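This briefing concerns the architecture of a protein assembly. The points below are grouped by topic and are intended to be read beside the sequence and the coordinates.

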Amino acid sequence: MAAPPLLTMTGMTKCFGGTVALDGASLQVGMGEVHALVGQNGAGKSTMIKILTGYHRKDQGEVLFAGAPFEVASPGAAQHAGISTIYQEINLVPKQSVTENICLGREMRRFGLLDWRAMHDEARRLLSRFNLAIDVRSPLGQFSTATQQMIAIARAIGFSARLVIMDEPTSSLDDREAGVLFDVVRQLRAEGLSVIFVSHKLDELYAICDRVTIMRDGRTVHSAAMSEIGKLDLISTMLGREIARTTGHATAFAAPPAAAAGPALFTAEGLSDGRHVRDVSFALRKGEITGFAGLLGAGRTETARLLFGASRPLAGRMMLDGRAFAPRQPADAIAAGIGFCTEDRKIEGIVPEMTVAENMMLALMPKLARAGIVDETRQKDIVAGFIKSLGIKCSGPDQKIRELSGGNQQKVLLGRWLALSPRLLILDEPTRGIDVGAKAEIQKLVARLAAEGLTVLMISSELEEVIEGAARVFVLREGLSVADLSRSDITEPNVLQAMAHGTGQAAHV
Amino acid sequence: MSDGGLIVSLGRHGPLLALLALIVLNILITPNFLTLQTLNVNLTQVCTIVIVAVGMTLVIATGGIDLSVGSLMAIAGALAPMIFLGTLFTIGPVWLAVTVAILVALGATALLGAFNGWLIARFNIQPIVATLVLFIAGRGIAQVMTNGNLQVFKVPEFQFIGLGRMFGIPVQAILMLIFVVVAAWALRRTVFGRQVLAIGGNDRAAVLAGVPVARVKIAVYAISGFLAGIAGLIVVAINSASDANLVGLGIELDAIAAVAVGGTLLTGGRATVWGTLVGAFTIQIVRYTLLANGVPDAAAMVVKAAIIVAAVWLQQRGKRA
């Protein structure tokens with residue numbers, strides 16, 4: 001590359017409280033380049049972007065944009081300086097004309113009145129950049145979603161952008177809409193603009209990106225041309241597998257999983273929710289830990305939500321105990337003996353204003369009550385029992401749950417489900433965001449529960465957890481179940497291989 | 001309820017201390033404050049607000065709001081006299097007519113409240129918008145039912161709820177106390193109360209924990225409607241007349257203010273019925289203090305607004321701390 005890079009970020013450091021989000025990360029984007037930025041959750045991608053666009057201030061580091069030092073205080077200032085960000089959703093007003101939508105918030109005036117002619121011209125010129133010749137006076141709502149989306153992008157980019165950031169732009173789009181987006185990206189590149197493209201969908205990255213920067217734990221670990229790095233390499237670099245490889249046990253799943261406990265408790269075939277889950281089949285055997293592996297956005301959580309009745313499938317069949325199972329809401333799944341520990345503790349797990357006891361008893365409470373009145377004495381006994389057996393560190397059952405550490409909150413939520421004596425427990429990222437000690441305790445606990453006969457479905461982005469903990473692993477990739485591994489087949493290369501390349505129907509049960 | 005429970009319900013003691021300070025202030029500056037008559041005046045004026053505010057506390061505990069309470073009061077106040085005066089149909093003995101009138105009026109407002117809840121739970125309409133429907137339409141319905149006429153009556157059997165006394169205590173004060181005690185107890189000790197707080201605290205977590213969110217929301221708004229109906233009956237009983245234009249006018253704001261001043265979190269998840277009682281009395285006594293000392297009602301409203309702002313501000317600070 002002869003031309004100087006458009007953007008260079010070096011030695012970027014950022015802490016939030018005691019947490020290190022960025023630790024000397026770097027990123028270089030060339031002129032007219034579509035640059036993929038990838039990494040696990042918490043790798044620091046978002047922080048990098050937010051510093052660039054003025055949401056956060058860097059602690060240390062240097063940013064050069066178009067050859068000059070660059071620092072902005074707000075997203076508006078970033079946009080003004082030539083860096084536009086495109087969000088997932090179309091935020092436009094359908095009833096207003098295309099012009100009104102494009103010029104919203106930057107109306108042109110003449111003699112104090114709106115200068116419609118100038119605004120129509122402006123809108124037309126902007127859209128012509130994207131080969132869109134439409135009547136800008138018509139209401140936006142009468143155009144197809146794809147066109148609307150194009151208009152939204154045109155509005156966001158405007159005329160002054162030199163660098164466009166797309167943060168998981170396709171996660172809520174269907175295939176056709178995504179196709180439109182890719183056309184736009186190519187168009188931008190043809191005009192010499194640069195694009196930073198954040199996505200977890202590998203195929204997308206390979207289809208439209210020129211280069212890739214891989215981040216992990218707040219550092220930049222690799223940067224290469226897309227054509228020089230294979231999918232498998234990319235994933236293993238992203239997950240940090242080269243370094244950690246073959247270091248023996250990394251989790252507390254000490255014993256090898258027990259022998260298959262028998263028939264399937266639950267099976268799913270051809271599940272689809274029309275978006276994130278496209279064709280997923282799997283089976284869970286009694287008293288066994290089954291793992292779901294896959295990249296972010298592969299549809300693991302969404303599949304679990306279908307199982308739990310938190311969303312409803314468009315297609316596919318589920319069987320519980322050999323009978324058709326179609327929960328309409330979580331309460332149905334709970335009644336059938338299923339528990340679901342969500343990956344997002346704060347947003348849909350804990351009720352922060354309530355106490356440890358109230359949180360733990362939330363699901364069981366109706367069963368403990370007589371005539372609608374909570375049996376406080378029995379409840380206290382049960383809660384005290386779980387606080388002891390799960391080793392929850394709190395001042396007592398009446399402490400507010402929001403005052404507890406992440407690991408202890410997670411244990412309270414585990415207690416919420418265990419109190420129901422479920423048959424099947426879904427654990428979505430059970431050890432995310434909790435300290436090492438608590439992590440090991442939770443892993444041990446899960447192993448013990450399975451040994452006692454509980455069926456567990458464990459979703460984890462930590463490869464060790466799935467590989468060492470599960471007796472059977474299903475790998476999901478872009479909404480498809482692409483591999484069904486058991487026992488000796490559950491090895492790191494196999495799982496990575498399936499995450500990177502797996503296709504088709506390998507997992508029909 | 002045990003002493004410990006009472007103290008927990010009161011939460012931070014700010015509202016209670018403010019009320020006590022006001023009372024002390026009045027003893028010092030307001031002539032004839034410590035008389036039975038002053039107590040009675042304040043009690044009759046505050047009872048309906050407290051009864052409505054108890055329902056409002058439950059609604060706000062789920063993270064909602066109910067603007068329709070005033071209109072529902074007007075409906076109950078219009079419906080009951082139509083029945084016991086025989087405008088709709090004739091019922092023989094007076095006691096039967098009064099019983100039917102009360103039951104029908106309360107049934108109607110509870111159902112309309114359930115309708116509010118249904119709009120909110122089923123269609124995910126924001127509570128402020130959903131209850132705005134009946135806020136506007138409800139008073140209209142009451143006016144259409146009565147042709148906009150004033151209904152005047154003298155039926156002691158019915159007016160007992162507004163004018164009667166038991167053991168020397170006004171009946172409406174007894175009713176108020178019953179509702180406060182039951183609601184405060186239910187919020188802490190019943191499955192329903194816990195579910196109300198769980199929904200207000202984190203509705204997504206509540207759904208995933210199997211809480212019947214739609215059912216609880218509908219119930220909460222139905223209770224709010226029912227209590228508004230009772231308040232409406234008390235108001236018309238006191239006045240010996242029902243004017244659909246005036247019954248319950250503006251009470252939603254008094255009720256919300258009482259809830260806010262009492263220390264219930266307006267975003268839901270933390271609620272105190274005892275606090276609401278204290279809040280309603282605080283606002284009432286502030287108004288009384290100003291009026292008794294010659295400050296006009298219009299100025300009293302400004303002071304009322306200032307108190308609400310101060311209460312919410314304290315709440316915000318408390319949350320951050």
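Which strands of chain A does helix α10 (residues 300-308) of chain A lie across? In this predicted model, helix α10(A) lies across β15, β18, β19 (424-428), β20 (455-459) and β21 of chain A.

**Sheet in chain A**

- The strands of chain A include an open sheet of six, arranged in the order β18-β19-β20-β15-β21-β22, and the pairing within this sheet is mixed.
- At the edges stand β18 (338-341) and β22 (480-486) of chain A, each of which pairs on one side only.
- On average, neighbouring strands of this sheet are turned by 15° against each other, with direction ignored.
- Strand β15 (residues 289-293) and strand β21 (residues 472-477) of chain A run parallel and are joined by four bridges.
- For A:T290, the bridge partner in β21(A) is A:R472.

**Helices on the sheet**

- Helix α10(A) runs at about 150° to β19(A).
- Helix α17 (residues 436-451) of chain A also packs on the sheet, where it touches β15, β19 and β20 of chain A.
- The direction of helix α17(A) makes about 150° with that of β20(A).

**Domains of chain A**

- According to the domain assignment, chain A comprises domain 1 (7-243) and domain 2 (264-501).
- Taken over C-alpha atoms, the centres of domain 1 and domain 2 of chain A are separated by 35 Å.
- The contact between these domains of chain A involves 12 residues of domain 1 and 12 residues of domain 2.
- On the side of domain 1 of chain A that touches domain 2 of chain A, helix α8 (residues 231-239) of chain A provides the largest share, five residues.
- That side of domain 1 of chain A has five polar, four nonpolar and three charged residues.

**Contact between chain A and chain B**

- Chain A contributes 24 residues to the contact, and chain B contributes 19 residues.
- On the side of chain A that touches chain B, the elements giving two or more residues are α11 (330-335), α12 (345-348) and α14 (365-368) of chain A.
- The largest share of that side, three residues, comes from α11(A).
- By class, the side of chain A that touches chain B divides into 17 nonpolar, three polar and four charged residues.

Conventions:
Residues numbered from 1 in each chain as written. Chains lettered and ligands numbered in written order. Predicted model: local features only at pLDDT ≥ 70, side-chain atom pairs only at ≥ 80, totals over all residues. Contact = placed C-beta atoms within 7 Å. Nonpolar A, V, L, I, M, F, W, Y, C, P; charged D, E, K, R; others polar. Domains from an automatic or database assignment. Pairing = 2+ DSSP bridges. Axes fitted to C-alpha atoms, helices over the stretch in contact; angles between N-to-C directions.
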